[in-house]
There are 2 protein chains.
Amino acid sequence: MNMFSKATKLVVATALLAGLSTASMAKDKVYKWKLATTWGPTLSPFIDAPENMAKLVEEMSNGRLIIRVDAANKHKSAFGILDMVKGGQYEMGHSASYYWKGKDIDLLPFTTMPFGMTAPEQYAWFYYGGGLELMQKAYAKHHVLSFPGGNTGNQMGGWFRKEVKTLDDLKGLKMRIPGFAGEIMAKLGLTVTNIAPGELYTALERGTIDALEWVGPGMDINMGFHKVAPYYYTGWHEPATELQFLVNEKAYNKLPKDLQAILLTAMKISSYNMYIQNYDMSATAWSKIATEYPDIKIKTFPKPIMDAMKQANKELLTEMSKDHPLLKEVLDSQAAYQKKAREWTKMSDYLYLKDNL
Amino acid sequence: MNMFSKATKLVVATALLAGLSTASMAKDKVYKWKLATTWGPTLSPFIDAPENMAKLVEEMSNGRLIIRVDAANKHKSAFGILDMVKGGQYEMGHSASYYWKGKDIDLLPFTTMPFGMTAPEQYAWFYYGGGLELMQKAYAKHHVLSFPGGNTGNQMGGWFRKEVKTLDDLKGLKMRIPGFAGEIMAKLGLTVTNIAPGELYTALERGTIDALEWVGPGMDINMGFHKVAPYYYTGWHEPATELQFLVNEKAYNKLPKDLQAILLTAMKISSYNMYIQNYDMSATAWSKIATEYPDIKIKTFPKPIMDAMKQANKELLTEMSKDHPLLKEVLDSQAAYQKKAREWTKMSDYLYLKDNL
């Protein structure tokens, strides 16, 4: 039984196809985004966080959201990420919030703070202590959303040519230590400079500088600093460096709800993953330093120096937050949470480790 | 211009709908799964991990994978999870791997081990040190996939009515401490028992037992143990209790690739999230204990006791793994990774905390 004429069947088939593709369009629309990072294309584990995030998004969305990751050598604007995401040239960015302190001091505290929280404490602050809400508040004036983007864990305090025993030993030392930690060191009488990564080793070898801080064993060992500056100090200034994902607000709002959920989840898990990845990388690199470079002398700054750093930190923060109520609100929130969480850290992991080193 | 008769339009519309629903079927098929947990419906944060996982899966899959979470009061088989997932009554489970040690000793070490790794060390072992592969290997004979399902962080060593100063003080003590840690305590001369949670307080108050371990401040404070046993010992036996998601292998293999990616991601992020959630819960509870219950005496077991526990642990593990090559392979892998990672933990967080308590 043929209910339709041949011509009508053709029309039906055509209408069917047209209807199908229209109906699927909204649901299967492919969003193509671009993400700009501060990092070079091989700077593991920093570059891995956005790349793994993009891969996960593509898999989970079945190809409906594709994010192209541009490393710094591509867009040539390592420190222009915030502006590019704000302006919409890139829907997303991956960088570190404390790089924008010259542009907007309120954005400083979302990466890490000297003498601040450790990684689990800071994640607890972000997700259960109001930190994430404060970060959105600080970025709202830029019409950008911001999320944790990967933690390095505790960074080392740096390499010194000579042992530092007293505050006097620090005075006049030339050290490469950029950013807020550099301001603390300047207060202690050091001459603080910044030097491009490629020139660091030579500067240290020739005595142009007496000390420098870089990151941690995973990245430091490749630079060879231990050959000329064997005193390797433990960390104080970046206890839990958290990178950030930035998302253009308008672009985010255009995504359907399921893709928003996929994007949020992929960013959050990539952040946790980088923390664990770098834990492994640091542990692996450290185990090689200890066996292959036994001449490295591991030191912790003596208490009077630590106390002076803490005092300088406190004074600088008070001064900086005086005319910046939102910065003050964030710093107060962090200090209160740290006080509470540190008691538990002491009771749990610290005392456990003390008996199991 | 009307190209179709009224009757033809109706037929076209019907065909269109039929065509649409057939074409979308494969792609939009809804999978309805069930997950059984060991926990009661309000046991936060344990129950939150599977519930949040299921919620995320539903959002990210736009309702294409729905997982119903059944708490223990529903399926009445708190310790039957592995069997139910294996048998296919439930596609998924959420429990703790060390509960299956009586069934299959190879499954013991994937939750936590006495004197073992801390949470970040253990996550690094799972994801970058071969741990996850070993876990799949151990569960393969049960045709079940297994994934980290949420970490409690470091658990406390328990509540004691009297201070424990020497090994002799331990001998003859009656303690509620189940599982593998109980075997260690038995080796030290304690009389070890297990008692249902609802009867713990009364048993401790009446002196039926002299000590017990439960979890940590978040859950302990509600039980009131501090009122009758004020000596609260820091942890040694469960430094990083990781719960597990179990997935029936056949059910998993039937999912399309994007839903597999969504499920894997949702499980992994729920695991990390529970670690951070419990960090916050423990810190919050602890801050209340310290201010509201100043009479609690925080203690760490003296070194000779710790050493005896470590020795007993070692002997028991050697004995247990003698005839179990896979268990031995896992324990060796954990020990090697812990040795490497602990050096870095010491250099980074431990030394940092030492100066910032």
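Start by selecting helix H8 of chain B: the cover over its buried residues includes strand E6 (174-176), strand E7 (191-193) and helix H13 (303-321) of chain B. Helices (H or I, at least four residues) and strands (E, at least two) are DSSP runs, numbered from the N terminus. Residues are numbered from 1 along each chain as its sequence is written, while chains are lettered from A and ligands numbered from 1 in the order in which they are written. Please keep in mind that this is a predicted model, where local features need pLDDT of at least 70, side-chain atom pairs count only at pLDDT 80 or more, and totals for chains, interfaces and linings use all residues.

**Stop 1: inside H8(B)**

Which residues of helix H8 (residues 179-187) of chain B are buried? Click on Gly179(B), Phe180(B), Ala181(B), Ile184(B) and Met185(B). A residue is buried if 20 or more other C-beta atoms lie within 10 Å of its own, exposed if 12 or fewer, and partly exposed in between, with C-beta atoms placed from the backbone. Now step to Gly189(B), which follows H8(B) and has a positive phi, near 100°.

**Stop 2: Leu35(B)**

Next, select Leu35(B) in strand E1 (residues 31-37) of chain B. Why does Leu35(B) count as buried? Because Leu35(B) has 24 C-beta neighbours inside 10 Å. Leaving out residues up to four places away in sequence, Leu35(B) touches several others, among them Pro50(B), Ile67(B), Tyr90(B) and His94(B). Two residues are in contact if their C-beta atoms, placed from the backbone, lie within 7 Å.

**Stop 3: loops of chain B**

Follow the chain to Pro45(B), in the loop between E1 and helix H2 (48-60) of chain B. The peptide bond that leads from Ser44(B) to Pro45(B) is cis, with omega near 5°. In chain A, a cis peptide bond joins Ser44(A) and Pro45(A), with omega about 5°.

Then pick Asn62(B), in the loop between H2 and strand E2 (65-70) of chain B. Its phi is near 55°, a positive value in a residue other than glycine. Asn62(B) counts as partly exposed, with 16 C-beta neighbours inside 10 Å.

Go on to His143(B), in the loop between helix H6 (131-140) and strand E4 (144-151) of chain B. His143(B) is not a glycine, yet its phi is positive, about 55°. This residue is partly exposed, with 13 other C-beta atoms within 10 Å.

**Stop 4: a sheet in chain A**

Switch to chain A and display its open sheet of 6 strands, in the order E7-E6-E8-E5-E9-E11, with mixed pairing. The edge strands, strand E7 (191-193) and strand E11 (297-299) of chain A, each pair on one side only. Two strands pair if DSSP finds at least two bridges between them. Strand E6 (residues 174-176) of chain A pairs with E7(A) in the parallel sense over 3 bridges. There, look for Arg176(A), opposite Thr193(A) in E7(A).

**Stop 5: where the chains meet**

Finally, show both chains. How many residues of chain A are in contact with chain B? There are 63, and they meet 63 residues of chain B. H12(A) gives the most to the side of chain A that touches chain B, with 17 residues. The copies meet through the same surface, because 100% of the interface residues of chain A are also interface residues in chain B.
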